[in-house]
Amino acid sequence: MLMRKVPGFVPASPWGLRLPQKFLFLLFLSGLVTLCFGALFLLPHSSRLKRLFLAPRTQQPGLEVVAEIAGHAPAHEQEPPPNPAPAVPAPGEDDPSSRASPRRRKGGLRRTHPTGPREEATAARGNSIPASRPGDEGVSFRFDFNAFRSRLHHPVLGMRADESQEPQSRVRAQREKVKEMMQFAWQSYKRYAMGKNELRPLTKDGYEGNMFGGLSGATVIDSLDTLYLMELKEEFQEAKAWVEENFHLNVSGEASLFEVNIRYIGGLLSAFYLTGEEVFRIKAIRLGEKLLPAFNTPTGIPKGVVSFKSGSWGWATAGSSSILAEFGSLHLEFLHLTELSGNQVFAEKVRNIRKVLRKIEKPFGLYPNFLSPVSGNWVQHHVSVGGLGDSFYEYLIKSWLMSGKTDMEAKNMYYEALEAIETYLLNVSPGGLTYIAEWRGGILDHKMGHLACFSGGMIALGAEDAKEEKRAHYRELAAQITKTCHESYARSDTKLGPEAFWFNSGREAVATQLSESYYILRPEVVESYMYLWRQTHNPIYREWGWEVVLALEKYCRTEAGFSGIQDVYSSTPSHDNKQQSFFLAETLKRALAGGEISSFWQLNSIPWIKISTTQDRPRGKRN
């Protein structure tokens, strides 16, 4: 103010600065801004500063999983900062308990920081499974079980809350009957074969078999989720205790990669997702590690058998081949092994299988059943939606659903394969029955296996996401195929279906030889009943499901468990003396189509993820 009063003084600017001084000031200011932004965005460990400027995305609570693992992250997604922003900012951010809260990445996995010794001990229990990957210092991989449970549409245990309003007391009684059958099957196994792989009810002893490499307790682990869903709490605790105390992985035999994956790893993962019990997660990860040597082939396509002793892949002759339903039925479990362990190797192995299948030329768009893991070429042009091929297609549509409908590769592969199947394999018999034949180098075998009867449910499941003009068509196709499979049951003396049935010489939906007339407690037909009931609520599917229950009780129940039968066309059939583990894991879960005791896939009808892991099991090649 004093300067303004001096005569002849004219300020250089309103701030009292001349032009050269203003220039120097602006130069200093721009340098300061550059330095600040460099510290924010270029220096390491700057994510906390970024949070001052970049607001976190708001997401619903729950597991944000699979989309990135499957290799289908959004195009704009970049590698996340070392310390992702918290889902809900809370005071005391630097407090260890605060850092344990779930954190989100843009469109990918949710992770947390280690909270201390507990997490480190958990990681250590995982043996060679690393808690973090290079470049992810300080980041551990954890599954938010509570958030997952909060996303379930229905309670995990037992019936829906509004069950008392259901007027159908007959349905409730039928449900209790199925539960009693499960309890009887379990108690018989526990009494005569506990710890063995399967029960032999006629001789009242256990059976180990030779496809599990020395692993034991297949029935225990296969039964875990069914026992839990049916609220057989005491039996579930018995099974859990056996896993904790007696399920040992220090075995040295040769095992079927496929069978160990679907029965053991699938069973353990389902039990973990239902209960949050760490023992199931840890055992699944350790067992998954033991399967990795099967992928050590020139193409990365795994061999069917892995040696637990040598860590090599079995059947190591140049002319041997891998089976589509086996190497194509690993994707769901292996993605979740990566999610629960943080070890990317599991996801990388199954991504490579997809890569090989996408590149290889397919005859008329069809996937043959045999592929050389050495050359990466098809060994022969035998195509089947039944045994040897079936669960490959099932895993495609379920990978699409499990990814929250982001795995476009799986979706495209599924609908392209379905279109080829419909063009070259689908037939209608003179009697009006729709069936999926088998293809051998351009020549059709007009037969359909029991294993192929899952396809009615699969097509119904996938109808919703088909092109709009195809949805009604696929729903009708699913219903027609399911009707054909029902006819294979209805035309037998026992009302149980044969292993395979033909459409020739004026005979339709019946087996033509004794070697195909057996029934081994398979679930595929009742699985389709369940899917069709859930989609249409047509009571016929519940009626058909109950027919199966009555037939199982009449012809398969013995004094000490359930047994398969050798001839479905005999009213006094001989038993095969084997209670298959998948009878408890699958068949009884589906036997009452539409009952509230259902498979994990139906229980967990979350819109963005179908976590089966995969108690809705593939069936492929079962011995």
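**Figure 1. Phe25 and the nonpolar surface patch in this predicted model.** At 42% relative accessibility, Phe25 counts as partly exposed, and its place is in helix H2, which covers residues 19-41. Together with Leu26 and Leu29, Phe25 makes a nonpolar surface patch of about 280 Å². An α-helix has 3.6 residues a turn, so residues three or four places apart point the same way.

**Figure 2. The disulfide between Cys453 and Cys485.** The structure holds one disulfide, and in it the sulfur atoms of Cys453 and Cys485 are 2.1 Å apart. Cys453 lies in the loop between strand E15 (447-449) and helix H17 (455-463), while Cys485 belongs to helix H18 (residues 468-490), so the bond ties together parts that are 32 residues apart in sequence. The torsion about the S-S bond is about -95°, and the disulfide is therefore left-handed. Both partners are shielded by the protein: Cys453 is buried, with a relative accessible area of 1%, and Cys485 is likewise counted as buried at 1% relative accessibility. Another cysteine, Cys556, is buried with a relative accessible area of 0%.

**Figure 3. An open sheet of three strands, E10, E13 and E14.** The strands are arranged in the order E10-E13-E14, and their pairing is antiparallel. Strand E10 (382-383) and strand E14 (443-445) stand at the edges with a single partner strand each, so that one side of each is left without a neighbour in the sheet. Between E10 and strand E13 (residues 438-440), which run antiparallel, there are two bridges. Within this pairing, His382 stands opposite Arg440 in E13.

Figure 4. Helix H11 (residues 278-291) is built from 14 residues and reaches 20 Å from its first C-alpha to its last, close to the 20 Å expected at 1.5 Å a residue.

Figure 5. Helix H13 (residues 331-341) is mostly covered, eleven of its eleven residues being buried. Among these buried residues are Leu332, Phe334, Leu335, Leu337 and Leu340, and they also include His331, Glu333, His336 and Glu339.

**Figure 6. The salt bridge between Glu277 and Lys240.** Of the 27 salt bridges that the structure holds, one joins Glu277 to Lys240, with the closest N and O atoms 3.2 Å apart. The pair links distant parts of the chain, since Glu277 sits in the loop between helix H10 (257-275) and H11 whereas Lys240 is in helix H9 (residues 233-246), 37 residues apart. Glu277 counts as partly exposed, at 30% relative accessibility, whereas Lys240 is buried, with a relative accessible area of 11%.

**Figure 7. The salt bridge between Lys405 and Asp465.** The side chains of Lys405 and Asp465 meet at an N to O distance of 2.9 Å. At 28% relative accessibility Lys405 counts as partly exposed, whereas Asp465, at 14%, counts as buried.

**Figure 8. The salt bridge between Glu516 and Lys447.** In this pair the N to O distance between the side chains is 3.8 Å. Glu516 is placed in the loop between strand E17 (507-510) and helix H19 (524-536), and Lys447 in strand E15, so parts that are 69 residues apart in sequence are tied together. Glu516 counts as buried at 10% relative accessibility, and Lys447 is buried as well, with a relative accessible area of 15%.

**Figure 9. A network of salt bridges.** The residues linked in this network are Lys177, Glu180, Glu553 and Arg557.

Conventions:
Residues numbered from 1 in each chain as written. Predicted model: local features only at pLDDT ≥ 70, side-chain atom pairs only at ≥ 80, totals over all residues. Heavy atoms only, no water. Disulfide = S-S within 2.5 Å. Helix = DSSP H or I, 4+ residues; strand = E, 2+ residues; numbered from the N terminus. Buried < 20%, exposed > 50% of the residue type's maximum accessible area, 1.4 Å probe, protein only. Pairing = 2+ DSSP bridges. Expected span 1.5 Å × (residues − 1). Patch = residues over 30% accessible without salt bridge, like charges linked within 9 Å, V, L, I, M, F, W, Y side chains within 5 Å. Areas by Shrake-Rupley, 256 points an atom, 1.4 Å probe, with all protein chains shown as cover. Salt bridge = Lys/Arg side-chain N within 4 Å of Asp/Glu carboxyl O.
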